[in-house]
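This report goes through a few features of one protein chain. Please look at the sequence and the structure below before reading on.

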Amino acid sequence: MSLLPLDETASTHPRPHPAADVRRRTPGATAARRALVLLPLLLLAGWAALDWRAVHDGAARLAAADPWWLLVGLLFTYLSAVAAACVRQGAIPERLPPGPLVASQIAAGAANHVLPASIGAHAVTVRFLLRQGVPLPRATASIALYSLVRAVAKTPLVLIFVLAAPSAAPPVRLLPEGRTLVLAAVGLLLAPAAAAALYVLVRPLRRPALDFVRSALTDARSLHTRPARFLPLWGGAVAAPLIQASVVASVGTALGLPMSWPQLLFAFLAASTAAGAVPAPGGIGPVDAALVFTLAGYGTPLPLATATVIGYRALTVWVPLLPGMLVLSALVQRKLL
């Protein structure tokens, strides 16, 4: 039997070349990438429109402040991205490029103010690590180690301030009430209980959970045997809250707050520690309320304490948000995210 008709049919409808498929997919991929580039800017514009009153009030109050101290506070804001980059590098065995790593943390800081509980910052970081060739289990394990180290490093700082500088500690009436302590204890107990229940009841999660724990423990042991990793890991974790507290101290000094720098540093550390368990975008809301309450406990007039918190949020959220979104868009455009 002749196969010529089949040959003619095959030649009439040749199989597309793979490069042709790539070319046909390229316009859609390009459009999607452009949408991702513009999405952060659209989110920024929408958020500014919804919270315009806070932006206006913060700018009005900061207009009468000392501009040089505000510049110092802005410098501390960007130094916090460097500290975060140190912790990120210390939490991963692979060596990461310093420049793109710091840029990714500036972008992560902008994303952190969009989603609660640092989800935005961690999502940007995981995407950056994947682009650097880091496997997904190791990238997620580094996020867990980063969060754990940041939380653990803040507690000794608060104790050091209480013991070494008792005059900086707030009055006893600022300590949490018994009901607040009970709720915190219940929260600490419910978190591992919920994780254990998910592990037992949801069978598909068992294998990924075991792989995650195994990878996290292995990497943690390996990293703590390398000074080039555990020094930036713990050094950056200790420096990060002090740098953030220095932003508050700079704003308070610019506004003429009647408090010393140790008191301002401790006020932020205590407020952020007390309100850190409440998930909110960038800690906005719980930390603000706790900080105003703490500053007022030192005898600061409430309007001045409120102005300090507004100035702190302006320097840590609104001023760096547009540059952060632009950096985020640039990283997406350059395929680093």
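How many salt bridges does the structure hold? The structure holds 1 salt bridge, meaning a side-chain nitrogen of Lys or Arg within 4 Å of a carboxyl oxygen of Asp or Glu.

## Basis of the report

This is a predicted model, in which local features need pLDDT of at least 70 and side-chain atom pairs count only at pLDDT 80 or more, while totals for chains, interfaces and linings use all residues. Residues are numbered from 1 along each chain as its sequence is written, and side-chain values use heavy atoms, leaving out hydrogens and water.

Side chains of opposite charge can pair when their charged atoms come close. Here arginine 138 pairs with glutamate 94, and the closest N and O atoms are 2.7 Å apart. The pair links distant parts of the chain, 44 residues apart: arginine 138 is in helix α7 (residues 136-164), and glutamate 94 is in the loop between α4 and α5 (98-112). Helices are DSSP runs (H or I, at least four residues), numbered from the N terminus.

Arginine 138 counts as partly exposed because its relative accessibility is 25%. Glutamate 94 is also partly exposed, with a relative accessible area of 25%. The class lies between buried (under 20% relative accessible area) and exposed (over 50%), using a 1.4 Å probe and protein chains only.

## Helix α4

Helix α4 has 24 residues (67-90), which should span 34 Å at 1.5 Å a residue; its end C-alpha atoms are 35 Å apart, which agrees. The expected span is 1.5 Å times one less than the number of residues. Buried residues of α4 include Leu70, Gly73, Thr77 and Ala81.

## Helix α10

Just after α10, glycine 256 takes a positive phi of about 75°.

Terms used. Helix = DSSP H or I, 4+ residues; strand = E, 2+ residues; numbered from the N terminus.
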